[in-house]
Structures are given as C-alpha cells and as structure tokens.
Amino acid sequence: AEAHERARADHPDDLRGAEVVRTAFYRSWIRSDRRYDYDEVDALFADGAELEAPLRIAREAAAELQAARERAGALAVESVEPQFAFDRRGHVLSSEPSEQTESHRLIEHLMIGANEQVARLLVERRIAALHRVHERPDPERIETLLDALASLDVPTPPAPEHLSAREASEVVAAASRLVDQHVRRTGHGRAGLTSLLLRSLKQARYAAEPLGHTGLHLERYCHFTSPIRRYPDLICHRALLSAVGGGEPAPPRGAMEEAGHHLSGRERDAMSIERKADDVARCFLLERELFEGGGFDRVWDGEVVGVIGAGAFVRFGEGHEGLVPARRLGRGEWWELNPQGTILQGDEGGVVRLGDPMQVRVVRVDAPRGRVDLERAE
C-alpha cells in the first residue's frame with residue numbers, strides 16, 4: 001500500500017480508472033497485519049471514518065472496476081443464497097439470505113481482476129491451463145427470453161430481427177440491467193426473472209482453450225484465487241509457477257481437455273447436491289416453524305417464482321419454497337401454461353404470473369426429500 005501511495009503521488013494519471021498499469025507474479029509470504037470480516041468492513045464503510053490506506057485503495061479500485069464492467073456490458077444478475085445456522089447436534093436453527101454488500105463486491109472485483117491477469121499471462125506464454133469459459137448464448141434462446149419478459153410487461157432492449165451470437169450477448173446483458181431496474185422499481189420478481197435470465201444462457205465450464213467469459217465480458221479468464229477448494233485453481237497455480245520460474249512443471253497440455261470435462265461435471269454434481277441439501281435444511285426448519293407457531297392453518301405471504309403446467313412454485317417465509325398444484329390454485333378452473341412459460345391462465349379468467357404475490361398454506365412437508373406441498377390461501 002505504501003508503494004502504491006508513492007506511485008500515485010509520482011504518476012497520478014497512471015493509477016486513475018480501472019485500467020491495469022502493471023502486473024507482477026512471484027512466490028511470496030503474506031503477513032496479515034489486520035484481519036477483517038465482511039461485517040466489519042461494511043461497518044467501516046457505513047461509518048464514514050477515514051480508512052486505512054490498503055482498504056481505501058481497494059475500495060476505490062473496486063468501484064472503478066465495477067463501473068468499467070457495467071460500461072463494458074457485463075451481466076447484472078443478483079442471486080440470494082441461504083446461510084444456515086445449526087446447533088451442536090446438527091439441527092437447523094435458522095436461515096438468513098446472504099446479502100451482496102459493498103464488502104462482498106470489493107473482494108469479488110479484486111478476485112476477478114486477479115483471475116483475468118493470470119489468464120492473460122498464461123495465454124501470452126502459451127502455457128497449458130484450465131480456463132473458465134462462459135460462451136455466448138444461442139440467439140434463439142435470447143429471442144425466447146425477450147418474448148418471455150415482454151409477456152410479463154418487463155421492459156426489453158431493442159434487438160435486430162436476426163441476432164448474431166455477439167449481438168445476443170449484448171442484448172442479454174442489456175436485458176439483465178433492465179430486469180434489475182424493473183425489480184428495484186416494483187419490489188418483486190427478483191427470483192423468477194433471474195431464473196429466466198440464467199436459463200437463457202449457456203452454463204459456464206472449464207476448458208483447455210480460452211474461449212472468453214460472456215457473463216463478465218472478458219476475453220481471457222480463469223479460476224486462480226481458491227486453490228484450497230477448487231482443483232482448477234490449483235492447476236492454474238502450477239501453470240503460473242511454471243511461467244515465472246517457480247519450480248513447477250507446466251501442466252500437460254494433452255490432459256487439459258479431459259480434466260476440464262471431468263471437473264465441469266463434478267462442479268454440476270456439487271451444485272445439485274448443494275441445492276438438494278438446502279431444500280432439506282429448509283424443510284426441517286419449516287417443520288420447526290409450523291410446530292412453534294400457527295401450524296398448518298398459518299397463512300404465509302409468498303411470491304410466484306416459477307410456473308409449469310402442473311402448478312406454481314411459490315417462495316414464502318424465510319426462503320421456503322413449495323409447489324401449489326394447479327388443482328389447488330382455486331376457483332375450480334382448468335389452468336394452462338402460456339407459450340412463453342411465464343403465466344398460468346385459467347379457463348374462467350384466472351391468471352397466475354411469474355412474480356405475482358400469493359398467499360399460501362402448507363399442506364405437507366416431506367423433509368427427507370426436501371419437498372413442500374402448498375395450497376392457495378385466498
């Protein structure tokens with residue numbers, strides 16, 4: 001930080017904005033003079049007091065990087081993950097949604113910056129590694145997305161009649177920003193509309209070739225910053241050490257394609273297990289909440305986060321989610337899903353739209369399977 005401050009004083013124009021002026025890679029020891037957690041940093045930011053130089057510089061850099069990525073057309077997608085608390089016997093005590101605060105964004109932008117620079121060096125040195133790839137979306141799927149958003153009266157960006165792959169990337173990024181603005185303005189629809197956006201995109205994966213990252217709007221990108229929990233990062237560490245004379249041999253190029261395919265599959269498996277585990281934990285927590293207050297007669301305020309021909313998925317309470325079967329949507333109507341997959345329409349005029357508020361009651365909780373059956377309360 002002191003060297004950075006001296007450089008800032010000597011060459012102020014070189015350190016303005018989000019442009020990378022210089023990078024350096026070497027083996028080092030890190031000595032932590034002060035360890036902060038996210039809550040502590042957010043409290044310092046909110047307090048408005050003068051920050052220590054490293055934290056102040058990091059905050060300025062992260063703000064510039066975020067502004068640059070917004071200008072470049074990166075996707076604006078926010079997701080909420082649950083954070084569970086357990087007792088010593090493993091029983092679920094509570095669940096809180098994780099919030100993407102300024103301190104989280106600060107770390108995220110600095111890690112993205114580090115990952116990008118490592119990927120650039122490896123490409124320039126032609127060293128085999130695993131790249132994090134998020135390919136451009138299929139134009140047809142983006143056209144379907146725009147049609148779905150329009151069916152819900154969500155503003156959509158202008159788009160040519162026949163989209164190219166590059167145009168599809170630009171359009172979906174613009175659509176993500178309009179969705180974010182719509183949600184902030186109306187106060188609902190975040191989960192359902194985010195799901196629509198994500199389903200229109202290709203899934204990120206690991207690959208031997210640097211094919212770019214559409215979500216971050218980057219040409220070169222790899223995962224480097226978490227070598228103790230992701231094997232692709234460890235591969236990139238070994239590749240980087242070989243590039244800078246750190247005593248490690250370069251990863252074998254012929255093994256990268258198979259490694260990327262294998263690790264992408266393990267990532268998808270882990271994500272599936274995590275989602276199922278979250279569902280099970282929520283169900284055990286819901287059973288506890290029902291026992292402690294209201295029982296199955298309790299009415300919950302919820303929001304429609306998904307619709308299928310068989311009914312509507314509703315998120316309610318503190319992150320709980322369940323299915324209201326079509327036969328329990330009320331009125332004795334026959335319900336059909338619209339062509340865009342965003343609205344259930346009843347034969348007597350009833351309408352259930354993605355993002356709509358809906359009051360529900362819990363009919364059944366199947367905790368071991370992570371399933372909740374609901375009925376409409378109105």
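Two strands are taken as paired if DSSP finds at least two bridges between them, and the strands themselves are DSSP runs (E, at least two residues), numbered, like helices (H or I, at least four), from the N terminus. The structure is a predicted model, in which local features need pLDDT of at least 70 and side-chain atom pairs count only at pLDDT 80 or more, whereas totals for chains, interfaces and linings use all residues. Residues are numbered from 1 along each chain as its sequence is written, and side-chain values use heavy atoms, with hydrogens and water left out.

The predictor's confidence in each residue, pLDDT, runs from 0 to 100; its mean over the protein chain is 90, and 96% of the residues reach 70 or more. Over residues 1-15, however, pLDDT stays under 50, and for this stretch the model has 15 contacts (heavy atoms within 4.5 Å) beyond four places in sequence.

A different kind of pairing concerns aromatic side chains. Rings of Phe, Tyr and Trp (its six-membered ring) pair if their centres lie within 6.5 Å, and planes under 30 degrees apart count as stacked, over 60 as edge-to-face and the rest as tilted. By this rule there are two aromatic pairs. The rings of Phe84 and Phe86 have centres 6.2 Å apart and planes at 50°, so this pair is tilted. The rings of Trp300 and Phe316 have centres 5.2 Å apart and planes at 70°, which makes the pair edge-to-face. Since Trp300 lies in β5 (residues 300-308) and Phe316 in β6 (residues 311-316), the pair ties together parts that are 16 residues apart in sequence. Both Trp300 and Phe316 are buried, buried meaning under 20% relative accessible area, exposed over 50% and partly exposed in between (1.4 Å probe, protein chains only).

His223, in the loop between β4 (205-207) and α8 (231-243), likewise counts as buried, at 11% relative accessibility.
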